[in-house]
Amino acid sequence: MDLVVGRINGEWRAGPAGGRLRWRCAIGRSGVRSDKHEGDGATPIGRWPLRRVLYRADRIPPPVTALATAVIDPADGWCDDPSHPAYNRQVRLPFPASHERLWRDDRLYDIVAVLAHNDDPPKAGLGSAVFLHVAREDYRPTAGCVALAPDHLVDFLSQARPGDAVVVETPR
């Protein structure tokens, strides 16, 4: 079951493919783009398969999902340095190049689905750390990810299967 992300009456919504866009969601602060680049704040348009689910075991129980799961710990990060060989890959901290911490205080990464954006193989500068994760309560924009309320994210992941994807549509 793919998760489709589109706009209805100016609001970004998400829902199962073939169904209605029933959940409010957040996207990147720069909207959506077909030509995603590192640091542009845009959510990439396209179909992005779900690779695996990461979660904070100290905050939530293991998610019920058919997808591969792994626990996040304080030494987990994600390389966002286009010049580094580990670009757009999970890394262990401390890490010498620019990176994002996966162990966050704000709960946005308590559960994260890693999306197959620019990962096979990663191409320098075309975007990193594009995830499906927990939205802020006010649905403020992300740095380029798609974000859902925690219960909606858990609901979607409980139905997701290997090969399913997040599909970000071109605005109409």
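Among the contacts in the protein chain that link residues at least 6 apart in sequence, 56% join residues at least 24 apart. The model in which these contacts are found is a predicted one. Its secondary structure amounts to one helix and 14 strands. With a radius of gyration of 15 Å, close to the 16 Å that the globule rule gives for 172 residues, the protein chain is as compact as a globular protein of that length. The C-alpha trace extends over about 45 × 35 × 30 Å along its principal axes.

The division between interior and surface comes next. Of the 172 residues in the protein chain, 51% are buried. As for charge, the chain carries 23 positive and 22 negative charges, whose mean positions lie 3 Å apart.

In soluble globular proteins, nonpolar side chains tend to be buried together. Here the largest nonpolar core comprises 27 residues, and Val 5, Leu 132 and Val 166 have the most contacts inside it. Strand β6, residues 46-55, gives the most to this core, contributing four residues. Val 166 illustrates how separate parts of the sequence meet: beyond its neighbours within four places in sequence, Val 166 is in contact with Leu 3, Val 5, Gly 46, Arg 47, Trp 48, Leu 50, Leu 115, Leu 132 and Val 146. Another core, of 11 residues, lies apart from the largest one and includes Trp 78, Leu 102, Leu 108 and Tyr 109.

Two loop residues complete the picture. His 117 is located in the loop between β11 (111-115) and β12 (131-134). His 117 counts as buried because its relative accessible area is 6%, under the 20% cut-off. Neighbours within four places in sequence aside, the contacts of His 117 are Lys 36, Pro 44, Trp 48, Asn 88, Leu 126, Gly 127 and Val 130.

Leu 93 belongs to another loop, the one between β9 (90-92) and β10 (99-101). At 14% relative accessibility, Leu 93 also falls under the 20% cut-off and is therefore buried. Residues up to four places away in sequence not being counted, Leu 93 touches Pro 74, Ala 75, Asp 76, Gly 77, His 99 and Arg 101. From Val 5, Leu 93 is separated by 88 residues in sequence and by 33 Å in space, C-alpha to C-alpha.

Terms used: Residues numbered from 1 in each chain as written. Predicted model: local features only at pLDDT ≥ 70, side-chain atom pairs only at ≥ 80, totals over all residues. Heavy atoms only, no water. Rg over C-alpha atoms; globule rule 2.2 N^0.38 Å. Buried < 20%, exposed > 50% of the residue type's maximum accessible area, 1.4 Å probe, protein only. Contact = heavy atoms within 4.5 Å. Lys, Arg positive; Asp, Glu negative; His and termini not counted. Charge placed at Lys NZ, Arg CZ, Asp CG, Glu CD. Core = buried A, V, L, I, M, F, W, Y, C linked by side-chain atoms within 4.5 Å.
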